Amino acid sequence: MASIMTNAAALTALQSLNATNKSLEQTQARISTGYRVSQAADNAAYWSIATTMRSDNQALSTVQDALGLGASKVDTAYTGMNNVLSTIGQLKTKLLSSVGQSDANKAKTQTEITSLQAQMKSFADAATFSGSNFLSVTSKQVAAANDGVQPDAKIVSSFNRSSSGAISLGTIDINVESTKLFDSGLATDVKNQGILDRQTSIYSTAADQSAYDTAYAASIATGNTDIAANTAGQAAVTGTPVKIDNVSAFNLDITASGVTDDIITQMVTKIDKVMSQLTDSATILGAAKSSIDLQKTFTQSLMDSIDRGVGQLVDADMNKESTRLQALQVQQQLGIQSLSIANSSSQSILSLFKNG
């Protein structure tokens with residue numbers, strides 16, 4: 001039936017052309033953005049997952065920055081610790097060489113020792129990065145006298161999301177109380193001094209020194225203050241020993257009153273124990289450095305994996321889309337031609353009304 005009111009062929013051609021144009025717009029959008037899912041309307045589930053994972057990846061990028069900052073802090077402290085270890089070794093050598101020297105030579109040796117002590121303090125004070133120093137600190141009283149300790153330094157190392165969506169952060173903790181070399185807090189505030197400025201008693205005999213050191217270490221191990229540990233150490237020594245009090249690696253003086261060759265010999269023992277403690281502290285920093293390096297590598301790998309996973313969900317296949325674009329462009333041209341033919345068919349009705 002020929003009708004001038006309804007052109008069924010044109011309507012069909014128009015619907016087909018509209019569908020082709022819509023597909024063409026979608027394909028062009030994918031090519032221009034690079035995504036096959038760029039908004040929730042494209043695929044709500046994939047879009048939601050991709051959005052969450054992109055947010056997590058940004059958080060991981062921040063974690064990576066925090067690890068880099070933490071690594072710099074630990075590297076700085078580790079460098080300072082190594083220099084102190086080298087210097088304390090030289091100090092030990094000077095002490096050994098002073099045994100049996102004349103008073104005049106001991107005075108010269110003490111000048112060198114004082115210089116080394118100042119150098120160690122300089123190394124510790126300079127080991128600062130971004131305001132953090134794990135070697136030279138200042139502890140403050142918390143609630144009572146001599147309860148001031150250094151809190152652990154926390155380096156954000158991971159961003160975790162559980163299956164339920166709960167978020168948590170992981171940290172690498174550094175025991176600064178164990179790595180500190182100097183603590184400039186008030187004597188009434190600080191619980192335990194640093195490795196180099198902790199003052200103890202030095203005795204003239206190995207037996208007395210051993211008794212003192214054993215009791216002192218046992219007291220410290222139970223969580224007591226330096227003051228309490230010193231009291232316990234002195235109580236462990238019987239008789240009337242020859243000793244000097246308040247001696248640290250930082251302030252020992254072989255020219256001080258009452259210092260004999262026997263005392264100097266026990267000073268060497270003290271320095272040897274200090275070196276052992278420094279080695280333990282360096283181990284703590286070294287372990288933290290290793291953990292940070294491993295976590296940095298893992299975090300970067302995790303970020304790359306998330307990027308690949310998100311890409312699998314939402315990225316457009318450009319080879320596929322370019323082929324589809326060419327096909328749709330041909331379909332569009334054919335659709336336009338088909339619509340033109342359908343529209344022109346109604347013109348033939350006019351011929352029925354022309355005079356012969």
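**Entry 1: helices H5 and H6.** I looked up how helix H5 (residues 206-221) and helix H6 (residues 226-235) pack, and found that their axes come within 7 Å and cross at roughly 145 degrees. The model I consulted is predicted. I recorded the crossing of H5 and H6 as right-handed. On the H5 side, I listed Tyr212, Ala215, Tyr216, Ser219 and Ile220 as making the contact. The H6 side contributes Asp226, Ala228, Ala229, Asn230, Ala232, Gly233 and Gln234. By residue class, I noted 7 nonpolar, 4 polar and 1 charged in the contact of H5 with H6.

**Entry 2: salt bridges.** I then turned to charged pairs, for which the count comes to 13 salt bridges. I examined Lys94 and Glu112, whose side chains meet at 3.1 Å, N to O. Lys94 lies in helix H2 (residues 44-98) and Glu112 in helix H3 (residues 103-126), so this pair ties together parts 18 residues apart in sequence. I noted that Lys94 is partly exposed at 25% relative accessibility, and that Glu112 is partly exposed at 39%.

**Entry 3: a pair within H3.** I found a salt bridge between the side chains of Lys121 and Asp125 at 2.8 Å, N to O. Both residues lie in helix H3, 4 residues apart, about one turn of the helix. Lys121 is partly exposed at 25% relative accessibility, and Asp125 is partly exposed at 36%.

**Entry 4: a buried pair.** I looked up Lys180 and Asp183, whose side chains form a salt bridge at 2.7 Å, N to O. Lys180 has 1% relative accessibility and therefore counts as buried; Asp183 is buried at 3%.

Technical notes: Residues are numbered from 1 along each chain as its sequence is written. This is a predicted model: local features need pLDDT of at least 70, side-chain atom pairs count only at pLDDT 80 or more; totals for chains, interfaces and linings use all residues. Side-chain values use heavy atoms; hydrogens and water are left out. Axes are lines fitted to C-alpha atoms, for helices over the stretch in contact, and angles run from 0 to 180 degrees between N-to-C directions. Helices (H or I, at least four residues) and strands (E, at least two) are DSSP runs, numbered from the N terminus. A crossing is left-handed if the near helix is turned anticlockwise from the far one by less than a right angle, and right-handed if clockwise. Contact means heavy atoms within 4.5 Å. Ala, Val, Leu, Ile, Met, Phe, Trp, Tyr, Cys and Pro count as nonpolar, Asp, Glu, Lys and Arg as charged, and the others, Gly among them, as polar. A salt bridge is a side-chain nitrogen of Lys or Arg within 4 Å of a carboxyl oxygen of Asp or Glu. Buried means under 20% relative accessible area, exposed over 50%, partly exposed in between (1.4 Å probe, protein chains only).
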